[in-house]
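Open the model in your viewer and keep the sequence panel beside it. We will go from stop to stop, selecting a few residues each time.

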Amino acid sequence: MNANQFFKAVEQLQGWRETTFLLALAERGFPNYALFAEALGLKSGAKMRQLLDLSWEQLQEPSDAVIPQLLTKLEALSPDVDAYDAYGVHPAFDFCRLLEQALLSRLNPDRHRAGEAAQWATGTVMSFIEVSEGEGLDEDELVRLLDQHPLMKDDKQFQRELVLSLKRQRAPMDSYLDELKALAANDGVSNIGISLQD
């Protein structure tokens, strides 16, 4: 699957498939939020984990009345990027944006969100590599670094596996969604390679 085929496949995701894709991207980014909260001594990591789990449950037992409540909670738990000097606020906020899109896709399924969200998730990885390893590189060197970087390759592979899996799946069976959630959780290692176990 080349880049054009991938974006076309993402654009074709609809309904529960699109929501699941967005949730899986958020799940992969969750450790970025949890570790940011922990580093600052905030108690919001556990609350956000609960919110993310409830969002997954909404795929299996949909209730549109619950979604606005979840969005309100998410807003309260989302960090204000301008309020922190730490770089970690950016991947934490990116996670919140992805979760917000997953919830909004349930409220307004006619608006397509997966394409933009896929780029946001990749953008989180790109900016992390630039900040951590890109200092002093010219544009060509930076492009080469990003092109060859294991985190970029992991992100690409994960997103492609996700889309192919969703295209093949006929219905959102509980066992399938549990499997996908576990794949996205990646043993607690986020899309920028940081782990909840560290």
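A crossing of two helices is left-handed if the near helix is turned anticlockwise from the far one by less than a right angle, and right-handed if it is turned clockwise. Keep that in mind for the stops below. One caution before we start: this is a predicted model.

**Stop 1: the whole chain**

Show the protein chain as a cartoon. How many helices and strands are there in the protein chain? Count nine helices and zero strands.

Now turn the model around. The C-alpha trace spans about 50 × 40 × 30 Å along its principal axes. The radius of gyration of the protein chain is 16 Å, and a compact globule with 198 residues would have a value near 16 Å, so the two agree. Buried residues make up 45% of the 198 residues.

Next, think about contacts. Take those in the protein chain with a separation of 6 or more: 73% of them are accounted for by residues 24 or more positions apart.

**Stop 2**

Two packed helices are described by the angle between their axes and the distance between the axes.

Select residues 15–39 for helix 2 and residues 114–133 for helix 6. Their axes come within 10 Å and cross at roughly 15°. Angles under 35 degrees count as roughly parallel, and helix 2 and helix 6 are therefore roughly parallel to each other. Look along the pair: helix 2 passes helix 6 in a left-handed crossing.

Now show side chains. Which residues of helix 2 and helix 6 meet? From helix 2, pick Glu 18, Phe 21, Leu 22, Leu 25 and Asn 32. They meet Ala 114, Ala 117, Ala 118, Ala 121 and Thr 124 in helix 6. Color this contact by class and you find seven nonpolar, two polar and one charged residues.

**Stop 3: helix 6 and helix 7**

Keep helix 6 on screen. What is the hand of the crossing of helix 6 and helix 7? The crossing is right-handed.

Select the contact itself. Helix 6 brings Met 126, Ile 129, Glu 130 and Glu 133, while helix 7 brings Leu 142, Leu 145 and Leu 146. By class, that contact of helix 6 with helix 7 has five nonpolar, no polar and two charged residues.

**Stop 4: helix 3 and helix 9**

Hide those helices. Select helix 3, residues 44–60, and helix 9, residues 174–185. The axes of helix 3 and helix 9 come within 10 Å and cross at roughly 150°. The crossing of helix 3 and helix 9 is right-handed.

Show the side chains here too. Arg 49, Asp 53, Trp 56, Leu 59 and Gln 60 of helix 3 make the contact with Asp 174, Leu 177, Asp 178 and Lys 181 of helix 9. By class, the contact of helix 3 with helix 9 has three nonpolar, one polar and five charged residues.

**Stop 5: after helix 9**

Follow the chain into the segment after helix 9. Asn 186 lies in this segment. Asn 186 has a positive phi of about 55°, although it is not a glycine. Asn 186 is partly exposed, with a relative accessible area of 29%.

Step on to Asp 187, also found in the segment after helix 9. Asp 187 has a phi near 55°, a positive value in a residue other than glycine. Asp 187 counts as exposed, at 70% relative accessibility.

**Stop 6**

Is Ser 195 buried or exposed? Buried means under 20% relative accessible area, and Ser 195 counts as buried at 10%. Leaving out residues up to four places away in sequence, Ser 195 touches Leu 35, Gly 188 and Val 189.

Last, select Arg 168 in helix 8, residues 150–168. Arg 168 is exposed, with a relative accessible area of 64%. Draw a distance line from C-alpha to C-alpha: Arg 168 and Ser 195 are 30 Å apart in space and 27 residues apart in sequence.

Notes
Residues numbered from 1 in each chain as written. Predicted model: local features only at pLDDT ≥ 70, side-chain atom pairs only at ≥ 80, totals over all residues. Heavy atoms only, no water. Axes fitted to C-alpha atoms, helices over the stretch in contact; angles between N-to-C directions. Helix = DSSP H or I, 4+ residues; strand = E, 2+ residues; numbered from the N terminus. Parallel < 35°, antiparallel > 145°, perpendicular 65-115°, else oblique. Contact = heavy atoms within 4.5 Å. Nonpolar A, V, L, I, M, F, W, Y, C, P; charged D, E, K, R; others polar. Rg over C-alpha atoms; globule rule 2.2 N^0.38 Å. Buried < 20%, exposed > 50% of the residue type's maximum accessible area, 1.4 Å probe, protein only.
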